[in-house]
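Biologist: I would like to go through this model and hear, for each label, which value and which cut-off stand behind it.

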Amino acid sequence: MAKKANIDDKEGKSASAKAIDVRSGMDVESLKQAITEHLFYQQGRNIANTSLNDFFLAVSYTVGDRLRQREHRTMNAVLENDTIRLVSYLSAEFLIGPQLGVNLIALDILNEMKRAVEELGFNLDEILAQEAEPGLGNGGLGRLAACYIDSLASKEIPAIGYGIRYEFGIFDQVILDGWQVEKTDKWLRKGNPWEIARPELSVNVNFGGYTEAYTDSDERKCFRWKPAYMVTGIPYDSPVMGYKVPSCNFLRLWKSEAEESFDFSSFNQGDYYKAVDYKVKSENISKVLYPNDEMLEGKKLRLKQQYFFVSCSLQDMMNIHIRFAGKPQEFHKRWAIQLNDTHPSVSVAELMRILLDEYKIDWDTAWDTTCKTFSYTNHTLLPEALEKWSVDLFKYLIPRILEIVYEINYRFLLEVGKRFPEDEGKQSRMSIIDESGGKFIRMANLACAGSCAINGVAVLHTELLKKQVLPDWVEMFPERFFNVTNGVTPRRFIVLSNPGLSRLITNSIGNKWPGNLDELLKLEFFAEDASFCEQFRNVKLENKKLLATLIKERTGIIVDPASMFDIQVKRIHEYKRQHLNVLNILTRYVRIKRNPSLDIAPRTFIFGGKAAPGYTTAKLMIKLINSVGDLINTDPDVKDRLKVVFFPDFNVTNGQHIYPSADLSEQISTAGKEASGTGNMKFSMNGALTIGTLDGANIEIREAVGEDNFFLFGLTAAQVDEVKNKGYDPHHMYDHNEELSEVINLINSGIFSKGNRNLFKPLTDNLLWSDPFMLMADYPLYIACQDLVAETWKNPDKWNKMAIMNVARMGKFSSDRSIQEYCEKIWKVKPFKVK
């Protein structure tokens with residue numbers, strides 16, 4: 001029997017070794033075996049009868065196996081070491097994009113997987129195209145969060161991202177008759193192979209009801225929240241792999257469910273709707289990204305979302321802290337929490353609730369712990385984007401949180417009064433409660449009061465934030481203010497998006513640059529190398545050919561890859577000034593109509609971006625772009641010298657095709673309005689030249705790439721204020737600029753609206769009589785700069801060298817650098833090397 005036992009042991013070890021290899025092996029044969037086993041055992045398929053989606057899932061599960069091992073190893077090592085402080089990134093948005101490609105790059109098995117897939121009879125590009133994009137964000141805010149969790153893992157900083165698992169993300173955009181139409185984003189319909197549900201880690205969140213005071217056994221006055229109902233938060237974890245490092249963090253997203261999903265009593269009484277009503281209302285919280293909050297019900301749902309996800313996240317963090325022998329009052333020693341804008345600001349009061357009500361910590365200690373835990377990133381200077389919630393809504397939905405906010409405010413204003421007894425208005429301005437018209441809670445003030453650090457996201461933005469938005473806070477807490485200029489991950493936006501450029505760079509300077517983007521500076525030496533320049537030019541042309549094919553497939557418009565691709569893709573908004581771009585297009589069109597034989601270098605204008613469903617003006621701007629394109633693209637006088645394209649449904653996936661294909665990047669927002677921007681960085685990294693104002697990160701990009709490699713125009717932020725203060729009259733600009741007046745009159749003529757002269761009148765009237773974003777003032781400067789762009793394009797060698805210099809000097813704008821600055825300035829954390 002002993003001998004047979006030994007044989008069994010050997011067989012068991014052999015089988016175990018094989019299983020471990022299949023689960024963790026990085027060679028082609030191990031990957032092939034893992035894919036076929038997942039197909040058969042997990043999905044009930046085999047190679048002969050599998051679909052592309054089935055095969056995509058099997059490949060993703062195979063990659064996921066390798067990520068999970070690293071994730072478990074990382075978190076076990078981190079949590080067992082009580083000296084390590086973790087970063088918690090709280091964000092209402094995580095626009096993470098498709099995951100398979102970036103995970104293959106992070107694991108450094110892209111080529112091995114390509115071979116494995118090909119040997120099984122499939123094409124990796126086709127498999128990558130199967131992945132649905134998780135639309136868990138609206139734009140730059142969510143994409144920045146995704147870049148940051150990528151860089152946290154790549155810099156080996158232990159971290160967890162926390163957010164909401166929206167069932168339906170940002171809408172899919174369809175263009176019908178030139179108008180934006182919103183379609184439901186069903187990103188989960190075919191499953192998500194990256195996530196794992198953790199129902200055993202569920203938490204409950206209170207809503208409604210009332211609070212009651214009581215005295216505990218130590219004769220302390222305490223408060224108890226008696227909720228009207230509770231909603232259960234179910235965590236779903238997805239791995240976030242660092243680039244070529246052993247570390248793997250994770251993203252934890254919360255799904256809302258009813259504590260009790262079915263009311264048998266109501267069902268048995270025949271009230272079938274009431275039987276599931278609680279379930280429906282609870283699940284609505286994580287149903288859709290950013291419900292329309294123009295109506296009261298929308299406001300309720302949005303506040304519910306914010307409180308739900310921060311309460312779930314803080315309860316989870318505290319549970320982890322306590323599980324590993326942490327003390328509640330030392331929560332800040334384990335966690336550094338970053339508030340990504342004001343959406344998670346209610347977490348300041350929620351952490352106080354947990355410490356006060358659940359762990360009976362005294363107020364002063366709880367507040368000290370809270371303030372040492374949080375840091376706040378501001379992303380906007382626009383007053384309408386600084387969130388406020390009505391006191392009545394807080395009282396209705398989260399009454400205990402309202403009480404805590406009032407107490408925070410009372411104690412804080414006492415401190416303000418002591419510090420500034422001569423300034424009576426300061427208490428009113430710094431108050432968390434705004435009583436200037438009704439009672440509202442200023443979420444930015446709550447975040448500022450409860451954070452140890454406050455940062456802007458570009459040098460200009462931080463300066464304006466300190467001077468215009470939060471000057472009182474700077475005066476009281478100057479040590480809290482920092483700048484951390486945004487960055488983007490080069491792994492997705494160069495390595496994955498632009499494989500041709502990536503190969504050229506690696507062949508020229510080695511393969512360390514994706515993990516240290518400052519290495520790109522070595523490319524400066526190749527700007528005079530004829531062979532490199534030719535290869536660089538060919539890479540760009542091949543990318544443009546691929547985009548031209550996509551444009552034809554999506555829009556039916558045929559464009560010439562040899563023409564200049566002049567691209568503006570971003571959220572549609574008046575301050576981003578897509579309509580200024582349209583005015584330039586029409587100026588060039590009018591010039592051609594005046595002189596059909598005019599020598600104009602062919603240019604393709606490409607737009608992309610979504611308008612908020614309730615933003616009428618932005619949707620009208622999309623209609624104008626498409627209407628202008630319909631006329632220009634079919635006018636025989638133009639002879640393909642101008643083409644206008646609106647690329648529908650701009651998202652991360654489509655951006656990966658667009659950024660590498662741009663010759664010119666339009667970054668033309670009104671100076672002082674854009675916090676930073678990150679699209680500007682993605683374009684420059686991929687060899688596009690920028691035409692832009694001194695706004696957001698444009699300033700720093702221009703400083704980095706060199707003034708000669710950037711097309712600058714427009715009023716500065718200070719000049720914008722000066723012009724407005726003197727009494728800005730946009731109609732004067734119209735009256736005294738012949739080309740401008742001709743273009744405005746052309747729009748009003750009805751030629752772009754089938755004779756309807758009123759269709760675009762809201763746009764033109766706004767420009768003529770108000771023009772809050774200074775299009776008319778910047779128009780002549782913009783046109784002159786565009787003329788310089790056209791002239792420079794005629795010298796391809798000069799243009800190519802400028803483009804190379806843009807790529808070479810963009811090292812600063814890696815999100816790795818941003819995260820390093822957060823670690824050093826704000827979080828005070830260091831890398832943890834996982835063995």
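Biologist: What makes Phe493 buried or exposed?

Modeller: Phe493 has a relative accessible area of 2%, and buried means under 20%, exposed over 50% and partly exposed in between, with a 1.4 Å probe and protein chains only, so Phe493 is buried. Please keep in mind that this is a predicted model, in which local features need pLDDT of at least 70 and side-chain atom pairs count only at pLDDT 80 or more, while totals for chains, interfaces and linings use all residues. Residues are numbered from 1 along each chain as its sequence is written, and side-chain values use heavy atoms, with hydrogens and water left out.

Biologist: How many aromatic pairs does the rule give, and why is the pair of Phe493 and Tyr659 called edge-to-face?

Modeller: The count comes to 20 aromatic pairs, where rings of Phe, Tyr and Trp (its six-membered ring) pair if their centres lie within 6.5 Å, and planes under 30 degrees apart count as stacked, over 60 as edge-to-face and the rest as tilted. The ring centres of Phe493 and Tyr659 are 5.9 Å apart and their planes stand at 85°, so the pair is edge-to-face.

Biologist: Why does the pair of Phe493 and Tyr659 tie together parts that are apart in sequence?

Modeller: Phe493 lies in helix α20 (residues 490–496), whereas Tyr659 belongs to the loop between α25 (652–658) and β21 (664–667), so the pair ties together parts that are 166 residues apart in sequence. Helices (H or I, at least four residues) and strands (E, at least two) are DSSP runs, numbered from the N terminus. Tyr659 counts as buried, at 6% relative accessibility.

Biologist: Which charged residue lies over the face of Phe493?

Modeller: Lys682 does, at 4.5 Å from the ring centre; a charge sits over a ring if NZ of Lys or CZ of Arg is within 6 Å of the ring centre and within 35 degrees of the ring normal. The charged end of Arg480 sits over the ring of Phe477, 3.6 Å from its centre.
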